Amino acid sequence: MSSRPAVRQLGRLSEISQVAAKHGFGYFFDTHRPHGPRSRRAREVDVATDGSNRGLRVRQMLDELGPTFVKFGQLLSTRPDIVPPDIVFELKALQDDVTPVAYSEVERVIQEELELTIEQLFVDFEEIPVAAASIGQVHRATLPNGRRVAVKVQRPDAPRQIEADLELMYQAARLVRDRVKALEFIDTVSLVDEFARTIRQELDYRMEARNAEQFHRNFAGHPHVRVPRVFWSYSRSRVLTLELLEGVQLRDLDTETYSIEERRRLSYLIAEAWMHMIFRHGFFHADPHPSNVMVLEATEQIGLIDFGMVGKLTDEDMSRLTGLFIDAMNERIEALPKRLAALGVRYPKDLEEEFVAELRDVYYRYYGSSLSEIDPIQLIREAFALIYRMHLQLPTRFVLLDRAIATLGSVGMELYPDFNVFDVAKPYARELLIERFTPQRIARRTGLEVRNMASMLHELPYQVHDTLEQVRDGQIEVGFRHEGLEDLIKRMDIVFNRVGIAMVAVGGALTSALLALVSDGVGSFFGILSVVGLALSGILSIWLVWSVLRSGRL
């Protein structure tokens, strides 16, 4: 019995290698598989490995490998710092639509979580789901009070399947780390760690419920954006019940029935909703995919769904982004790397000059152009290419921000060909710039800095005391290394020697004079000592004067 999990893993590994070979990545398993050369079948299904369509082939491979790998591909699409731009843009098209589980399984999960049967909980519950994804599926239902809701139920086998696939991913990550030199700059194990944390969090629907509730509060009373409310008494870690929004998902929208002006208005409504989140709330939906945006029956109103992936920007983040924006507007390109570093962007210090040159090249390529003349998708592609080429490491919150803006640009252009996401962002950015320098904001920042300084001054005596305690106990060692002090030390030796000789000469002369006063004549003992002392003092004085004159330093 103990060997069965290992046998299943070997079977899954074999399946993965077969699918990889089918999509043109068999060369990797030729050189890196642990059990010898590929089978004849794997060689027969191998296809060309032309790099021009590798992003498409990677997406198709992950799609065929199943839900967990689709989720992994979605994570990779948010990492332009380690994934080539052509693959990033292809992976954004991944959607985790899967075959739904049986209704009996849905009943079992709901009863286990809510401790009541579906008949006791709902007046009506549709057996056929309206959407099915890798972790859960959504059913329409009606509460006893008549409210229509969407019930998201987790697949019973989701945790087990995810954990099994994660183990395989860890094996593959260690294999790549140890054997593929071309990818040595990527910490593949850490990447799988990040994915494991993300997908395990998605297994707890209560986190998504908290995100939905935050968005609901932020958009309360908004005329154009609706966010469903959460029904907490019908929600648990594996069941999430939200208000049902009546409308059509953007991906299913028949745009042919809309006029060009209506499509333009819709594209700008969606973009303005996200700019509102980013610039005013600092809390934004990180996946503005067409499946997560609904066009509601109400006129000029959109709805948001699926709140598993969110981004957060602090007030300090916004201040630093403002500083970055000001420097860019004033052509201070040399200051941009430091601004980016303050935002948490990491880059090799030895490549800073090259980084500045690359930024200057991108900047002047678009400098002077109006927003309508700039293709945002092309600009974002160039930014992703620069990120990958320079091996920049981006904080997750800014990666999510970049991804959200890029997706908004793509969605908007599909609705309205002349859509430009920068046109929507510009007034929000201008408002942010003005707001950052209002007297109230300056006073608030000044007060914060004063409180920080007061706190530092309060802690200073204790820190000094702790440092002195460590010095006393020998826990702190100070190393001193001098450079270019040899000449100074040599000159100081000469000065001190001359001072010593001068003191000896003066002392000898004074002593000899005192001895002459108390002697009975030159022939007496003290008289002889006096003459000898004066002679020695005279010789030392003459030698000292001669050495000073010879050195040329009076």
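**A walk through the predicted model**

The protein contains 21 helices and 11 strands, where helices (H or I, at least four residues) and strands (E, at least two) are DSSP runs numbered from the N terminus. This is a predicted model, in which local features need pLDDT of at least 70 and side-chain atom pairs count only at pLDDT 80 or more, while totals for chains, interfaces and linings use all residues. Residues are numbered from 1 along each chain as its sequence is written, and side-chain values use heavy atoms, with hydrogens and water left out.

Of the 554 residues in the protein, 40% are buried; buried means under 20% relative accessible area, exposed means over 50%, and partly exposed lies in between, with a 1.4 Å probe and protein chains only. Among the contacts with a separation of 6 or more, 66% join residues 24 or more positions apart, a contact being heavy atoms within 4.5 Å.

Two packed helices are described by the angle between their axes and the distance between the axes. Helix α12 (residues 260–281) and helix α17 (residues 396–415) have axes that come within 8 Å and cross at roughly 170 degrees; these axes are lines fitted to C-alpha atoms, for helices over the stretch in contact, and the angles run from 0 to 180 degrees between N-to-C directions. The two helices α12 and α17 are therefore roughly antiparallel to each other, a term for angles over 145 degrees, whereas those under 35 count as roughly parallel, 65 to 115 as roughly perpendicular and the rest as oblique. On the α12 side the contact includes Arg263, Trp274 and Ile278, and on the α17 side it includes Leu401, Gly412 and Leu415. The residues of this contact of α12 with α17 divide into 10 nonpolar, two polar and one charged, where Ala, Val, Leu, Ile, Met, Phe, Trp, Tyr, Cys and Pro count as nonpolar, Asp, Glu, Lys and Arg as charged, and the others, Gly among them, as polar.

Helix α12 also holds His276, which counts as buried because its relative accessibility is 13%. Leaving aside residues up to four places away in sequence, His276 touches Phe219, His222, His281 and Tyr428.

A second pair is formed by helix α4 (residues 54–65) and helix α5 (residues 67–76), which pack at an angle of about 145 degrees with their axes 6 Å apart. Here Leu62, Asp63 and Leu65 of α4 meet Phe69, Val70 and Gly73 of α5.

Helix α5 is also a neighbour of helix α10, whose buried residues pack against α5, α9 (158–179) and α17. Those buried residues of α10 include Thr188, Leu191, Phe195 and Ile199.

In helix α15 (residues 352–366), Phe355, Val356, Glu358, Leu359, Tyr363 and Tyr366 are buried. They cover an arc of only 160 degrees around the axis, which puts them on the same side of α15; the arc is that of the directions from the helix axis to the C-beta atoms.

Gln301 sits in the loop between β9 (293–296) and β10 (302–304), and it counts as buried because its relative accessibility is 14%. Asp306, in the loop between β10 and β11 (310–312), has a positive phi of about 60 degrees although it is not a glycine, and at 34% relative accessibility Asp306 counts as partly exposed. Glu115, in the loop between α7 (103–114) and α8 (118–121), likewise is not a glycine and has a positive phi, of about 65 degrees, while its 67% relative accessibility makes Glu115 exposed.
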